[in-house]
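Hi,

Here is the structure I promised to pass on.

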Amino acid sequence: MIKMIRMAVMGCLVALLTVGAAWGQAGEGTMPRIVEKDGRHALLVDGQPFFMLGGQAHNSSAWPGMLPQVWSAVEAMRANTLEVPIYWEQIEAQLGKFDFSLVDTLLKEGREHKVHLVLLWFATWKNGSNHYMPEWMKRDAEKYPNITGRNGRAVDSPSPHSQAAIEADAKAFAAVMGHLKEADPQHTVLMVQVQNEPGSWGSVRDYSPVAQKLFEGPVPAELLKPEVLKALNRPVDAKGTWQEVFGNDADEYFHAWSVARYIGHIAAAGKAVYPLPLYVNAALRDPLSQPKASSYESGGPTDNVIPIWKAAAPAIDLVAPDIYLSDSPRALKVIELYDRPDNALFVPETGSNAEYTRYLYAVLAQGGIGFSPFGIDDNGRGGGEAEIAARLAPVGQEYAMVGPMMRELAKWGFEGKIQAAVEREDHAEQTINLGAWQAIVAFGAPSGRTTQANAKPIGKAMVVQLGESEFVLMGTLCHFTFRPVGANAGKAWQYLKVEEGQYENETFKLLRIRNGDETDWGGPRFGAVPAVLHTMLITR
Ligand code: DGJ
């Protein structure tokens with residue numbers, strides 16, 4: 001069996017080496033794209049599933065003088081994709097004159113480092129504000145207004161109802177995409193994020209006279225489709241004004257529609273020029289309670305309004321959660337909520353410490369297309385290489401292990417073959433069902449014949465099911481035991497072979513066979529450094 005795997009892997013190897021050799025030179029017809037099958041998704045790069053092991057630069061780091069530190073961080077964490085902003089205020093500092101020099105620097109340096117890019121279009125919205133609009137727009141508040149809060153208050157958030165702003169942004173974004181089409185035949189850029197955490201802090205919606213008039217009008221037909229109303233828990237024949245159809249949610253839903261419609265227009269203008277996958281990131285709301293819209297950023301693609309975003313912005317391929325909720329019930333709920341048949345799961349921002357890194361396994365198991373801690377570079381802290389390496393060590397260790405087997409993992413995720421257990425705050429053991437077997441995962445550091453509890457919930461385990469009794473086990477600070485169930489219930493069993501190794505250049509390289517003390521005392525244990533175990537069980 002293992003020989004077969006090796007042969008299959010070798011087959012893959014030949015295909016992948018061809019791809020590897022062609023890095024940065026792929027031609028037309030190999031556009032990155034997102035595909036869906038049986039409700040699962042893959043990002044195809046060079047025609048094969050690809051998982052973005054990403055890292056995001058700080059907001060003001062995409063300038064040539066700052067990039068060396070960004071690349072140091074990318075190297076330290078062994079990322080295969082850099083998420084990096086591009087700035088409307090720099091690209092169109094003068095109305096109608098486009099300067100793509102920073103974009104070109106990113107393309108050139110990305111290729112030199114053999115790292116893909118996800119470009120973040122910081123434009124009308126950046127964290128809910130207009131701060132990346134060019135100066136000529138900031139100086140003309142009448143033409144490019146902010147929203148008005150209740151009682152006429154000024155709010156630091158652009159209006160989604162300004163026709164002049166929408167046209168200006170669409171024109172600039174189409175120019176960016178046109179430039180990529182010309183300057184990036186290699187497809188260094190895999191995806192583009194359209195805006196950054198759009199929506200509004202400080203007001204649930206715009207209460208300006210223009211917005212108020214729209215709010216008092218009928219709900220648009222796109223939202224009155226039975227499937228959309230059903231997804232929003234409304235009667236399928238509902239119609240009327242926003243207030244009549246959506247009651248207490250009317251203000252937020254109106255704002256979500258308005259923001260999504262605007263961004264959908266911009267995305268469509270860019271896609272018409274160059275059809276790369278496009279996405280929008282969300283500043284999340286608490287997914288487990290029903291918080292008031294005034295307590296989070298209203299109008300962005302929070303979990304409750306995803307159906308509105310889908311109806312309003314079909315040119316956006318996916319909406320993506322920025323996960324800064326470190327506790328596992330909330331983070332795992334978010335991962336579940338953003339993986340939908342109509343939405344590929346991608347985590348474009350999260351933390352880089354060990355508690356956040358455990359969610360990499362959950363995203364892989366959920367069939368996600370990428371994972372990316374935010375703020376990887378030094379950003380003026382002055383800590384130097386040593387600080388970067390120490391800070392990024394948890395995620396760097398994982399990327400070092402999963403990087404060489406990224407193509408296999410992306411394919412296994414797309415096929416639904418991966419399951420994961422991430423340690424919860426109660427440190428309780430977890431069961432993974434594998435047909436005729438159950439894997440019981442306990443968390444802690446190996447300590448002789450036992451396991452010593454982790455002080456923090458940072459353990460994680462992943463199982464890829466290759467055959468009925470054949471698995472790839474991966475993990476840190478955890479311990480696996482198996483139980484025969486179903487067709488194997490009551491049978492005696494043993495480990496047939498536990499091979500420890502690593503995928504290198506797409507082939508499994510054996511380090512040792514684990515046996516004796518390393519499997520006899522209740523099954524394989526994983527320490528602080530991640531490991532890969534090709535494991536076969538047998539009944540007798
Ligand atoms: C989320 C935003 O999307 C990022 O650009 C950055 O501002 C971080 N928050 C800061 O924590």
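Predicted model: local features only at pLDDT ≥ 70, side-chain atom pairs only at ≥ 80, totals over all residues.

Domain 1 puts 20 residues into the contact and domain 2 puts in 23.

How much area do domain 1 and domain 2 bury between them? About 1700 Å², with 67% of it on carbon and sulfur atoms. On the domain 1 side, Arg358, Tyr361 and Met401 stand out: they supply 38% of the area that domain 1 buries against domain 2, more than any other three residues.

There are polar links here too. I get 3 salt bridges between domain 1 and domain 2, and Lys460 and Glu398 make a side-chain salt bridge at 2.8 Å, N to O. The interface also has 5 residue pairs in polar contact, both residues being at pLDDT 80 or more. As for secondary structure, helices H12 (328–337), H13 (354–357), H14 (359–365) and H16 (393–402) each bring at least two residues to the side of domain 1 that touches domain 2. H16 gives the most to that side, with 5 residues. By type, the residues of that side of domain 1 come out as 12 nonpolar, 4 polar and 4 charged.

Side chains of opposite charge can pair when their charged atoms come close.

Asp251 and Arg150 meet at 3.6 Å, N to O. Asp251 sits in helix H10 (residues 250–273) and Arg150 in the loop between strands E7 (146–148) and E8 (154–158), so this pair ties together parts that are 101 residues apart in sequence. Asp251 counts as buried at 18% relative accessibility, because the cut-off for buried is under 20%; Arg150 is partly exposed at 46%. Arg150 and Asp251 also belong to a salt-bridge network with Arg205.

Next, Arg285 and Asp303 form a salt bridge at 3.1 Å, N to O. Both lie in the loop between strand E10 (278–283) and helix H11 (306–312), 18 residues apart. Are these two buried or exposed? Arg285 is buried, with a relative accessible area of 6%, and Asp303 counts as buried at 16%.

Finally, Glu415 pairs with Lys411, their closest N and O atoms being 3.6 Å apart. Glu415 is partly exposed at 32% relative accessibility, and Lys411 is partly exposed at 32%.

Cheers

Technical notes:
Residues numbered from 1 in each chain as written. Heavy atoms only, no water. Contact = heavy atoms within 4.5 Å. Buried area = accessible area lost by both parts, 1.4 Å probe. Salt bridge = Lys/Arg side-chain N within 4 Å of Asp/Glu carboxyl O. Polar contact = N/O pair within 3.5 Å; in protein donor to acceptor, adjacent residues only side chain to side chain. Helix = DSSP H or I, 4+ residues; strand = E, 2+ residues; numbered from the N terminus. Nonpolar A, V, L, I, M, F, W, Y, C, P; charged D, E, K, R; others polar. Buried < 20%, exposed > 50% of the residue type's maximum accessible area, 1.4 Å probe, protein only.
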